[in-house]
Each structure stands twice: as C-alpha cells, then as structure tokens.
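Trainee: I have just opened this model and would like to learn how to read it. Could you walk me through a few features?

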Amino acid sequence: MRTGYRPRTFVLELVMVAAAVAFLFPVYALVTLAFKDPGQIANAPLSPPNPPSVKSFGTAWQSASLGSALLNSTLITVSSVIALIVLGSLAAYFLARRASRLSYSLYILFLVGIILPFQLGMIPLYQLVNDLGLLGTYQGMILFYTGIQLPFTVFLYTGFIRSLPADYTNAALIDGASHLQAFGYVIFPLLRPITGTVLILNAVHIWNDFFTPLLYLGGSGRETVPVRVFAFVNEYTSDYGLVAAGLVLAALPILVVFLILQRYVIRGFSSGLKG
C-alpha cells in the first residue's frame with residue numbers, strides 16, 4: 001500500500017467510482033438503445049449494439065418532425081436567454097450599485113421569486129397567457145421563461161457585480177458617462193464569466209423543459225423537441241429505440257453549447273456566491 005494511502009481513501013474512491021457508474025449508466029443505456037434496431041432491443045436491450053444501426057435516427061427525425069422542433073426550441077431558447085441576459089444584468093446593476101431601501105426590497109423580492117415554485121401560480125399564469133392571446137405562440141413562451149428565470153439570473157448577476165470594485169463605475173461617471181453608458185462600456189464586458197454561467201444554466205433549463213411547452217404549445221404545431229419526442233410514447237406501446245434516438249438528437253445542440261462554455265460555469269457561479 002502506498003505511503004499515505006489509508007483505508008478511508010480507498011472507501012472514498014469506491015464511493016466516487018460508484019457515483020460515476022450511477023451517472024454514466026443512463027447515458028450508456030440511452031446511446032445503446034439509440035443505435036439498436038427493435039430486434040436487438042427485444043433480445044438484449046443493454047448489450048452493446050452489434051452491429052450498430054442508425055435507422056432509428058432517421059425514423060425519429062422524420063416521424064416526429066424533429067427538424068421543425070429543433071428550430072422551435074432554438075428560437076424560444078435563444079430569445080429567452082437574450083432577454084434574461086439584458087434584463088437580468090441591468091436589474092442587477094441597479095441593485096448592486098444603489099444602496100437604498102428600494103434596491104434592498106427589490107433584491108429580497110427576487111430572492112422570494114427563486115424560493116417559490118412556479119407551480120403555485122401555474123393556473124393563474126396559464127389564464128393570463130390565454131387572456132393575452134399568447135397561448136400557442138413563441139412570444140408567450142419567451143415571456144413565460146423570462147419571467148420565471150429572471151429572479152435566479154438577477155441573483156447571479158448581483159453577486160458578481162458586488163464583487164467588482166466600485167471604482168470602475170465611479171471613474172466612468174466622473175468622466176461624464178451616464179449610468180447606462182458606464183454599464184454598457186465598463187461593467188458589462190467584465191461580466192463575461194457570469195454571463196457564460198447565466199447562458200448555459202438558463203439554456204439547459206429552457207431547452208430540456210417538457211411540461212411548460214406541453215401545456216402552452218400543445219397542439220399548436222410549435223412544440224419543442226421534448227414534446228415531439230414524447231409522441232413516441234403512449235399508453236399501449238413505446239418504441240424505446242425511437243425515444244432514445246430522439247433524445248440523443250435533442251441533447252446534441254445543448255451539449256455542444258455546454259462544452260464550449262463549461263469553463264465559465266463554475267467560475268462565474270462561485271464568483272457570484274462570493275459576492
């Protein structure tokens with residue numbers, strides 16, 4: 001046994017390996033089912049595909065109209081995230097730089113918005129969207145996601161801006177800039193780490209959400225990818241190969257975004273908490 005290698009270390013390593021297996025097994029099962037034909041799934045669902053088949057991907061793409069679903073998901077996700085970044089950063093700048101009862105009260109209000117589950121207001125929100133004539137529209141979904149995710153976005157941005165020296169803002173104001181100019185030209189470029197965190201966390205949530213698009217977009221022809229993939233599952237039959245292939249296709253775009261921005265996630269989130 002190596003020097004300093006204690007039984008406790010061995011136990012911790014076993015726990016980490018078990019946790020890794022627990023996390024990786026669903027991914028293995030998903031990819032394995034996606035590359036199998038129905039006959040292979042019926043005989044040995046979890047064995048490696050032999051030979052691999054990509055037929056399920058083509059069938060899933062055509063039968064569920066995943067091309068249009070991907071466009072719907074992309075439009076809703078990108079628009080919502082842009083709105084969250086703009087509104088969240090501006091609101092956080094005011095909350096972080098104005099030491100007043102109003103700013104403190106608004107900050108507490110945003111924190112309450114994080115704690116309260118949106119399910120409490122599910123029926124009134126649905127009725128409001130319906131009354132506004134936005135049911136089954138992209139605008140209704142973008143408005144919904146912006147409102148629901150804004151408290152968390154403001155929380156992250158506020159903590160990060162508070163960790164920045166106020167001298168940056170003061171210097172810009174002394175030079176004659178307005179608060180909006182100081183934010184746009186000085187503060188916002190410094191928010192790149194937390195903006196990456198805000199982008200990826202909100203994008204993953206919106207992209208993978210199933211219940212809200214099912215409720216607000218069901219039957220409109222503007223369904224997102226999770227709702228379209230759900231069409232492969234019904235009360236009597238379930239084609240797990242098509243479901244797995246659809247889920248793999250749905251996960252690829254957001255996985256690429258996450259891999260590109262992953263270095264910002266922990267750094268931005270930790271900086272926000274520190275602030």
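This is a predicted model: local features need pLDDT of at least 70, side-chain atom pairs count only at pLDDT 80 or more; totals for chains, interfaces and linings use all residues.

Mentor: Let's begin with one residue. Ile-161 is buried, with a relative accessible area of 0%. Buried means under 20% relative accessible area, exposed over 50%, and partly exposed in between (1.4 Å probe, protein chains only).

Trainee: Where is Ile-161 placed, and which residues does Ile-161 touch?

Mentor: Contact means heavy atoms within 4.5 Å. Ile-161 has its place in helix α7 (residues 138-163). Leaving aside residues up to four places away in sequence, Ile-161 touches Ser-89, Ala-92, Tyr-93, Ala-96, Arg-97 and Leu-191.

Trainee: How do I read the confidence, and where is it lowest and highest?

Mentor: pLDDT is the predictor's confidence in each residue, from 0 to 100. The chain has a mean pLDDT of 84, and 93% of its residues reach 70 or more. Confidence is lowest in helix α2 (residues 38-43), at a mean of 74, and highest in helix α4 (residues 66-97), at 92.

Trainee: How many helices and strands does the chain have?

Mentor: Helices (H or I, at least four residues) and strands (E, at least two) are DSSP runs, numbered from the N terminus. Here the chain comes to 13 helices and zero strands. Its C-alpha trace spans about 75 × 70 × 35 Å along the principal axes. Of the 275 residues, 36% count as buried. Among contacts between residues at least 6 apart in sequence, 72% join residues at least 24 apart.

Trainee: How do I read a helix crossing, and at what angle do α4 and α9 cross?

Mentor: Axes are lines fitted to C-alpha atoms, for helices over the stretch in contact, and angles run from 0 to 180 degrees between N-to-C directions. The axes of α4 and helix α9 (residues 179-190) come within 11 Å and cross at roughly 110 degrees. Therefore α4 and α9 are roughly perpendicular to each other. Angles under 35 degrees count as roughly parallel, over 145 as roughly antiparallel, 65 to 115 as roughly perpendicular and the rest as oblique. On the α4 side, the contact is made by Ile-85, Ser-89, Leu-90 and Tyr-93, while the α9 residues include Phe-183 and Phe-188.

Trainee: How close do the axes of α4 and α10 come?

Mentor: The axes of α4 and helix α10 (residues 192-208) come within 9 Å and cross at roughly 145 degrees. Thr-77 is buried, with a relative accessible area of 7%. Not counting residues up to four places away in sequence, Thr-77 touches Ala-203, Ile-206 and Trp-207.

Trainee: And how many salt bridges does the structure hold?

Mentor: Side chains of opposite charge can pair when their charged atoms come close. A salt bridge is a side-chain nitrogen of Lys or Arg within 4 Å of a carboxyl oxygen of Asp or Glu. This structure holds one: the side chains of Arg-228 and Glu-223 meet at 3.3 Å, N to O. Arg-228 is buried, with a relative accessible area of 13%, and Glu-223 is buried too, at 10%.

Terms used. Residues are numbered from 1 along each chain as its sequence is written. Side-chain values use heavy atoms; hydrogens and water are left out.
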